[in-house]
Amino acid sequence: MSKIRYADIAFPTAVRRLFTYETGDSTIRPGMRVWVPLRSEFAIGMVVQVHDRKPEFETRPVERILDEEPVMDHTMLQLTEWIHRFYYCSWGEAVQAALPVGLNFASEKRLQVRKGFKGGISEEERELLDEIAESHLTLKEAEKRWREGKGKAFLKKALKQEWVTVWEQPKQKVDYKKVKHWQLAESVNPDKALAGLEEKERDNKWVQAFEKLTGMNLPLPHRHLLEDKLFTTYTLNRIEKEGWIESVDLPVESEPVHNGIHRPDEIKILSDQQQEAFEKIRESLDSHAFKSYLLFGVTGSGKTEVYIHALKHALEQGRGGLVLVPEIALTPQTVQRFYHIFGDQIAVLHSRLSDRERFEAWQSLKSGEKRIAIGPRSAVFAPVRDVGLIVVDEEHDTSYKQYDPAPRYHARDVAVMRAHMENAVAVLGSATPGMVSVQAVKEEKHELLHLPLRPTGTMPEVQILNMLEYKSAMRGPLTVELYNEVEKALKRKEQVILLYNRRGFASFMQCEDCGHVPQSPESSTSLTYHKKKNILLDHYSGYSRRADTRCEMCGSANLKTKGSGTQQVEEEVEKLFPQARLLRMDRDSTSGKRGHQTIYEQFLSGQADILIGTQIVAKGLDFPNVTVVGVLNADTELAFPSFRAGERMFQLLSQVAGRAGRAEKPGVVYVQTWKPDHPAIQCAKTHDFKAFARHELANREMLHYPPYSRMVVFQFKCPSWSKVQVVADKFCDAMRTVTGDEPVMGPSPSVIEWMSGQHQWEANIKLSRNFNGHAIEKLLNDIFKKYDSIKPKGSGAVRINVDVDAVE
DNA sequence: AGCACGCCGACT
DNA sequence: GTCGGCGTGCTC
Ligand SMILES: [Zn+2]
């Protein structure tokens, strides 16, 4: 045994601390997983540091090192450490998010009857003990098997008396895929074996099968052999029974995934503007230094071609690539566009992969076999070797933010940090960039690459329909104008998309005469309506007032509360156009992405005339035959109780506009709204993102919202209503003591006040944008320390979640 | 986060 | 007397 060294280990629990163990095994290195004793059990942990500093406390030894080679390299450890500080989670939680579930170990506890145990026990107990010895159960299975009565009592007694002991073993969830193969038994001489048969046996099918096997290049997979009629499960087993062949489980290459055509020669020639953007990226790649770009270009401006050329260049440099795409956009079509050029160098990290498939994709990237990873949020951790380029497409998409479980990271920001750590180039692409990225360009953190619309492209016309004017001219949820346009389009055999906003999980009030939604005087966001207490509430600041009886805008008494319940929009539309073929799509009704995909395909192939659904229809494909797009109630987005409501609305309308028609068949987007003058609507009409950004940024700056601050949201959860409230109050006291009164808002009940048996409150704090990982960690440590010193009795039951850079 | 340890009410 | 409820504190 060599010299004792110390390993700092991160566990996948919420404890934001490392634990130090000792080991004499000199093969231990950071990035390896270990099996160590923790309390009275064993646990899996990740070695993050190996050193010689003997701690003051007693250390326990590492039981087992689970890897021969580190599964995380230095950068990945560094990246997860940054997440640990910045998003205030444990290092182990960040590690867990970065590894495929297949690499998680679970402890498996099996029961063993102590050897040579005779004991003075009753007949009945003896029987039970024999059963335990034979059944080879896990502890969990045994506890389930003997759930009650005598059995339960005996199991407990047997464990206590140590008649039965528990063996704890690490068990990896997924291993390399192994498949049953057949090979000749070592000891067998085929000729002799056959010669030893009786005459009448020679005609048997299994004998013929064996004869054939001897002439084959074994071992061969069972499945493969079955293709020959001579080989069946029976004949093979029969030969095995003679002891002439034996089965072995051998690892196999996973079957290649079919992603369509691979024609690298068909890479598209870039337009001048695309070429210009690409040249910039190429220069940065050549310099081998960190650089980040915001690639701003509307739908159809050809961002993907720029990504593809840049990826190609990275590969030519011998470096790898990483492409992040929002979950919803990760369709076969998207994959095909990359596969077309890069073929099997691509690994797709789909969220629908099985644990094993994910593990194999991960492995193929780590080994360097695959050079490009494409995937949603979690793919930011894909172990691409020597990453040169990281693309984040649709960088504004909120699905890049993880909420539960921790770490609550933003994949776009992690991507930029990873690029920074690996001296790579980050390219964030969007037609409607988030304000955070726009501001980063202004501050020269990102460089802007602008792709104007191609000369062949057109932006569809956007018509605004003022609901005030159509108040008495409605056909169900459609204004007469939109109704007529739909009719006309149907007559022309063209297609229609109708989009209605999903009502959020929050209720709100709206004036029936002017469409106004009551706003908070404190945070300038929409107030939510709470039926029980009949109040309007601002969940940022905690401001509340008795529900309005008159519209604060026009004075009308005609205020209506809009719940979060289901809407009948689809049924009403169906009645309006009984002769039309209707296709529905929303997040709930269609199960999973497959469902969406089939709906898109049906609509594209003309199997329906009208596609109606929630926001999700805006994220689909291009439909060249669609000439009318109707947004039925655009304002619902503005009622969303968030300072980002305007941004979301603009993004939605822009996205919709990007779907309507093509050059040959120009489409018109009709937006029904009570607020025709709202900047988000006006700018969407003129397709003027820059004007919208100017307006929105001015607003944000005035109210000190991101990107002019960094918001940290704290959520308090507990089954007891009174406890949550007390803890939230005390926590805010602690915050105000540490930071002063000014940046703290709240506490207040969450927008979702009650969820799965828990009451939820929240509070938030606006920090300077300059707070980096260390500063955030220090401040939050101070706040929690202060809180610990003043927290009331019984507060342990309240869970406190920290969400740095929360999105909603 | 789990999970053991410990301190008080309802049962054989 | 003890079984078990949850509140508290610790894990190298
Ligand atoms: Zn009004």
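The structure is a predicted model, in which local features need pLDDT of at least 70 and side-chain atom pairs count only at pLDDT 80 or more, while totals for chains, interfaces and linings use all residues. Residues are numbered from 1 along each chain as its sequence is written, chains are lettered from A and ligands numbered from 1 in the order in which they are written, and side-chain values use heavy atoms, with hydrogens and water left out.

C514 is one of the residues that coordinate the zinc ion, the SG atoms of C511, C514, C551 and C554 lying at 2.2 to 2.3 Å. Donors are here N, O and S atoms within 2.8 Å of the metal (3.2 Å for Na, K and Ca), and since water is not among the atoms, sites may look incomplete. Along the chain, the donors of the zinc ion follow the spacing C-x2-C-x36-C-x2-C.

The UniProt annotation "binding site", from an unreviewed entry, covers C511, C514, C551 and C554. These residues are spread over 44 residues of sequence, yet they cluster in space, with a largest C-alpha distance of 8.6 Å. UniProt positions are given in the numbering used here, feature names are shortened, and annotations may be inferred rather than shown by experiment.

C511 is placed in strand 23, which covers residues 508–511, while C514 is found in the loop between strand 23 and strand 24 (528–530); helices (H or I, at least four residues) and strands (E, at least two) are DSSP runs, numbered from the N terminus. When residues up to four places away in sequence are not counted, C511 touches H516, C551, C554, S556, N558 and L559, and C514 is in contact with C551, M553, C554 and W674, a contact being defined by heavy atoms within 4.5 Å.

A further site is found at H309, which lies in helix 11 (residues 303–316) and counts as buried at 14% relative accessibility. Beyond its neighbours up to four places away in sequence, H309 touches I267, K268, L270 and F278. The backbone oxygen of K268 lies 2.7 Å from a polar atom of the H309 side chain.

For chain A as a whole, 23 helices and 35 strands were assigned, and the C-alpha trace spans about 100 × 70 × 60 Å along its principal axes. Of the 808 residues in chain A, 53% are buried. Among contacts between residues at least 6 apart in sequence, 74% join residues at least 24 apart.

Conventions. Buried < 20%, exposed > 50% of the residue type's maximum accessible area, 1.4 Å probe, protein only. Polar contact = N/O pair within 3.5 Å; in protein donor to acceptor, adjacent residues only side chain to side chain.
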